[in-house]
Amino acid sequence: MKSPLRQTASGTGLPQGHIASGFWADIYLARLDSLIAQEFPRDVVFLRYADDMFFGIDTVANGETIRRMLGKLVAQTGLSLSQEKTVVQNSDRYLNDTELDEELEKLAKQRFEPVVNDHIFRPSFPYWQLYDSSRHTFVGA
């Protein structure tokens, strides 16, 4: 039976779903992280989880500039952007296009929230209040 997972060409990308994927992404993308920190304007928020990247910018119009800059930096590391996955969108569209998984939400309440609520990883109170009041406001802020 053929695997339902999309196969990548040998020598490209990172294995998906493996427990070490985040570790390898940190090693593999360390140079790119450094280039982004050096080259991007200070008002651009950059977050990365494994090989997924998020850039927070003030207007969608600046998104194409950021995409071009990112493409050049990615090419310097010998990688390339996924054209189908690299999208520029405002926070409202992102939240509307992103559906919550009810089962994951249940697990988060059982496993994640107790850790956060013990104040181990809890952000400062104003941010937490904003998040609790409205995810749309929190992401769009």
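User: A salt bridge is a side-chain nitrogen of Lys or Arg within 4 Å of a carboxyl oxygen of Asp or Glu; to what number does the count of salt bridges come by this rule?

Analyst: This is a predicted model, in which local features need pLDDT of at least 70 and side-chain atom pairs count only at pLDDT 80 or more, while totals for chains, interfaces and linings use all residues. Residues are numbered from 1 along each chain as its sequence is written, and side-chain values use heavy atoms, with hydrogens and water left out. Under the nitrogen-to-oxygen rule, the count comes to 4 salt bridges.

User: At what N to O distance do the side chains of E64 and R67 meet in a salt bridge?

Analyst: Both E64 and R67 belong to helix α3 and stand 3 residues apart, about one turn of the helix; helices (H or I, at least four residues) and strands (E, at least two) are DSSP runs numbered from the N terminus. The side chains of E64 and R67 meet in a salt bridge whose N to O distance is 3.3 Å.

User: Which residues are linked in a network of salt bridges?

Analyst: D26 of helix α1 and R48 of strand β1 are 22 residues apart, so that their pair links distant parts of the chain, and their side chains meet at 3.1 Å, N to O. R48 also meets the side chain of D33 at 2.7 Å, N to O, and because D33 lies in helix α2 while R48 lies in strand β1, this pair ties together parts that are 15 residues apart in sequence. The residues linked in the network are D26, D33 and R48.

User: Is F40 buried or exposed?

Analyst: F40 is found in the loop between α2 (30–39) and β1 (45–49). Buried means under 20% relative accessible area, exposed over 50%, and partly exposed in between, with a 1.4 Å probe and protein chains only. Because its relative accessibility is 5%, F40 counts as buried.

User: With which residues is F40 in contact, leaving aside its neighbours within four places in sequence?

Analyst: The C-alpha atoms of F40 and L70 are separated by 8.8 Å, although these residues are 30 apart along the chain. Contact means heavy atoms within 4.5 Å. With neighbours within four places set aside, the residues in contact with F40 are F55, I66, M69, L70 and L73.

User: Which residues form one aromatic cluster?

Analyst: Rings of Phe, Tyr and Trp (its six-membered ring) pair if their centres lie within 6.5 Å, with planes under 30 degrees apart counted as stacked, over 60 as edge-to-face and the rest as tilted. The structure holds 3 aromatic pairs. The residues that form one aromatic cluster are F40, F46 and F55.

User: Which backbone oxygen does the side chain of T86 reach?

Analyst: T86 lies in the loop between α3 (63–76) and α4 (91–97). Leaving aside neighbours within four places in sequence, T86 is in contact with R67 and L81, and R67 is partly exposed because its relative accessible area is 22%. At a distance of 2.6 Å, the side chain of T86 reaches the backbone oxygen of S82.

Notes. A polar contact is a pair of N or O atoms within 3.5 Å; within protein, one must be able to donate a hydrogen and the other to accept it, and residues adjacent in sequence count only if both atoms are side-chain atoms.
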